[in-house]
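Welcome! Please take a moment to look over the sequence and the 3D structure below before reading on.

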Amino acid sequence: MELWSICWPYLNGFQTPYSPDNEKKRVCFMPGTMLAARLHEVGGKFTVDEIPLPDVGEHDVLIKTAACGVIPNLRNVVTNFPEWYPFLPLPELPAVFGLDAAGTVVSVGRSVKDFKEGDRVYVNPGLSCGNCKQCLAGLPTRCASYTFMGYFGFSPSSSDVFREYRHAGYAQYLRAPARNLITLADELPFEVATRLGYLGTAYSALKKLELTPGQSLLVLGASGTLGIGATLAALAMGVTDIIVAARDRTALERLRQLAPKRIRSLQIMSTDLHASIREMAPGGVHAVVDTLGAKAPAELSVSAMNAVTSGGKIVQIGGVSGPIPIDPHPFMCTQLHYIGSLWFTTAEAQELMALIRAGLLDTSQWAPRPYTLDKLNQALEDIQTDASGFLNYHIVHA
């Protein structure tokens with residue numbers, strides 16, 4: 001397949017940036033380039049630039065991006081992370097961001113055997129070295145070099161990963177290791193595949209809870225996209241007793257209607273939750289998946305912990321504001337488990353896709369909110385004011 005993109009005119013030795021007005025000034029075709037939305041400074045706006053196509057390494061795949069997710073936290077990442085979390089490095093600017101990309105394979109490296117041109121794939125953005133003990137044991141999220149392509153990293157060595165994989169979902173093409181690709185179910189549209197990051201994160205967390213039939217699960221923050229994903233994944237995995245807790249009464253009722261015999265709702269009216277939870281689940285719930293976001297108070301997480309039965313588990317995949325105080329004595333005396341769960345592995349994403357193919361996991365709950373690449377800044381503004389968990393904000397590529 002011939003890869004080319006539009007060559008924009010040059011003014012005074014500098015390339016004219018893309019804009020709807022400049023779109024009318026196209027004058028030539030230049031092989032080997034593409035359009036990408038890039039961030040040039042922390043806290044700045046994204047601009048659509050023409051940049052070279054990425055090379056394809058021996059174990060890599062080149063993908064023509066069809067759609068990529070937009071998440072509320074991206075604005076925080078590109079504005080506040082250098083100050084709030086200096087230990088979580090960003091890619092060197094200017095950089096192409098964009099988690100949860102899906103598209104079509106257009107070229108493969110010479111050692112890639114499992115993918116071919118034309119395959120529809122989702123790109124797991126969680127990159128690891130592939131060679132350390134953790135990676136070889138099938139635990140790439142524990143790799144010392146673990147990095148979210150097009151987002152942020154978890155250690156100083158992430159800088160090397162960012163230099164190797166510079167392009168993410170807000171580019172017309174991206175390069176990724178073949179080990180990070182998941183073949184999409186035929187019936188799964190590209191735009192819906194951009195929710196796999198939320199679903200996969202929830203699925204990996206739920207696996208760690210090891211719930212059996214009859215045990216109860218509390219989904220804390222259930223009305224957000226991550227909480228909805230956790231509820232859908234729990235239903236697909238056969239959890240029989242699910243309590244969904246959130247402030248939004250309408251969203252709670254919509255979730256309850258998904259499986260009225262298996263889902264009960266709890267509207268959050270204050271930060272004191274444990275009495276209400278224990279009233280619904282005498283003796284306490286067996287497990288909690290905490291999906292609360294940065295705007296939620298830590299007191300909610302603490303109160304939910306106090307409603308867990310002896311030997312129960314709490315898994316954290318959200319990120320409430322501030323530290324969560326934990327009294328070690330109840331944890332010791334009732335043998336509770338507090339587990340942090342980071343993202344998901346490609347193998348877990350393949351399991352998730354099997355649930356989708358079997359019709360066990362409902363992916364129809366999200367209403368699409370598509371934006372073109374040049375409207376990325378608008379999407380990031382809109383999602384702050386209308387961030388319903390049932391909306392699917394995403395970028396579509398022509």
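Here is a short briefing, starting with the whole chain and then turning to strands and single residues.

This is a predicted model, in which local features need pLDDT of at least 70 and side-chain atom pairs count only at pLDDT 80 or more, while totals for chains, interfaces and linings use all residues. Residues are numbered from 1 along each chain as its sequence is written, and side-chain values use heavy atoms, with hydrogens and water left out. The chain's secondary structure comes to 12 helices and 22 strands; both are DSSP runs numbered from the N terminus, with helices (H or I) of at least four residues and strands (E) of at least two.

**The chain as a whole**

- A compact globule of 398 residues would have a radius of gyration near 21 Å, and the chain agrees with its 22 Å. This radius is taken over C-alpha atoms, and the globule rule is 2.2 Å times the number of residues to the power 0.38.
- The C-alpha trace spans about 70 × 40 × 40 Å along its principal axes.
- Of the 398 residues, 53% count as buried. Buried means under 20% relative accessible area, exposed means over 50%, and partly exposed lies in between (1.4 Å probe, protein chains only).
- Among contacts between residues at least 6 apart in sequence, 70% join residues at least 24 apart; a contact means heavy atoms within 4.5 Å.
- The chain exposes about 17,900 Å², and carbon and sulfur atoms supply 54% of that area. Accessible areas come from the Shrake-Rupley method with a 1.4 Å probe, and for residues only the protein chains shown count as cover.

- Strands of a sheet pair through backbone hydrogen bonds, either parallel or antiparallel.
- Three strands, in the order E6-E5-E8, form an open sheet with antiparallel pairing. Its edge strands are E6 (46–52) and E8 (95–96), each of which pairs on one side only. Two strands pair if DSSP finds at least two bridges between them.
- Seven antiparallel bridges link E5 (residues 33–39) with E6. Met34 has Ile51 in E6 as its bridge partner.
- Pro94 sits in the loop between helix H1 (73–84) and E8, and the peptide bond from Leu93 to Pro94 is cis, with omega near 0 degrees.

**A covered strand, E15**

- In strand E15 (residues 216–220), five of the five residues are buried.
- Ser216, Leu218 and Leu220 are buried on one face of E15, and Leu217 and Val219 are buried on the other.
- E15 runs parallel to strand E16 (residues 241–246), and five bridges join them. Leu220 has Ala245 in E16 as its bridge partner.

**Loop residues around strand E20**

- Gln335 is placed in the loop between helix H10 (328–333) and E20. Its phi is near 55 degrees, a positive value in a residue other than glycine, and Gln335 is exposed, with a relative accessible area of 55%.
- Trp343 lies in the loop between E20 and H11. Phi of Trp343 is near 55 degrees, again a positive value in a residue other than glycine, but Trp343 counts as buried at 9% relative accessibility.
- Thr345 is found in the loop between E20 (337–340) and helix H11 (346–357). Thr345 is buried, with a relative accessible area of 12%. Leaving aside neighbours within four places in sequence, Thr345 is in contact with Asn124, Gly138 and Pro140.
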